[in-house]
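Please take a moment with the sequence and the structure before going on to the notes.

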Amino acid sequence: MVLLRDQKELENGIVQNLSEGGVFFVSSSKLEVGDPTKIVFVIPESNSPEMEIEGRVIYRSNHSKAGVGIKFRSLSEKNREIIRNYVD
C-alpha cells in the first residue's frame, strides 16, 4: 500500500509498478498531471524504514485500473538502492 500526500489530503492506493524512476499505483486519486505530491511507502520484506519521496504526477489512467503514474523528484541513494534491490 502507498499513501499520497498532497497539499489537501491523504490518499491511499496499491502499487502496480515500481522502479527507481517512479511508481504507478491503482487508486481513485484526484491528483492531476503536473501535481506535486509526496509518496509514502515501505518495501515489503526489506526491513527498511518507511520511505517518503517527493514526486510529480506524469500520467493519469481512467481505464479498468484507474490510477496515477508518479515520477520521483528526490530519491536518496539509500532509497534508490533499496528499490533497485527489490525490483531486480
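In which strand is the place of Ser 61? Ser 61 sits in strand 5; strands (E, at least two residues) and helices (H or I, at least four residues) are DSSP runs, numbered from the N terminus. Please keep in mind that this is a predicted model, where local features need pLDDT of at least 70, side-chain atom pairs count only at pLDDT 80 or more, and totals for chains, interfaces and linings use all residues. Residues are numbered from 1 along each chain as its sequence is written, and side-chain values use heavy atoms, with hydrogens and water left out.

**Ser 61 and its surroundings**

- Ser 61 counts as buried, at 5% relative accessibility (buried means under 20% relative accessible area, exposed over 50%, and partly exposed in between, with a 1.4 Å probe and protein chains only).
- Leaving aside neighbours within four places in sequence, Ser 61 is in contact with Phe 24, Ala 66 and Gly 67, where contact means heavy atoms within 4.5 Å.

- Side chains of opposite charge can pair when their charged atoms come close.
- Searching the whole structure turns up 4 salt bridges, a salt bridge being a side-chain nitrogen of Lys or Arg within 4 Å of a carboxyl oxygen of Asp or Glu.
- One of them joins the side chains of Glu 20 and Arg 80, at 4.0 Å from N to O.
- Glu 20 lies in the loop between strand 2 (10-18) and strand 3 (22-26) and Arg 80 lies in helix 1 (residues 77-87), so this pair ties together parts that are 60 residues apart in sequence.
- Glu 20 also meets the side chain of Arg 84 in a salt bridge, at 3.2 Å from N to O.
- Because Arg 84 lies in helix 1 and Glu 20 in the loop between strand 2 and strand 3, that pair ties together parts 64 residues apart in sequence.
- Glu 20 is partly exposed at 27% relative accessibility, Arg 80 is partly exposed at 24%, and Arg 84 is partly exposed at 30%.

**The strand 4 and strand 5 pair**

- Glu 52 and Lys 38 form a salt bridge, with their closest N and O atoms 3.7 Å apart.
- Glu 52 belongs to strand 5 (residues 51-61) and Lys 38 to strand 4 (residues 36-41), so the pair ties together parts that are 14 residues apart in sequence.
- Glu 52 is partly exposed, with a relative accessible area of 41%, and Lys 38 is partly exposed at 33%.

- Salt bridges with shared partners join Glu 20, Glu 77, Arg 80 and Arg 84 into one network.
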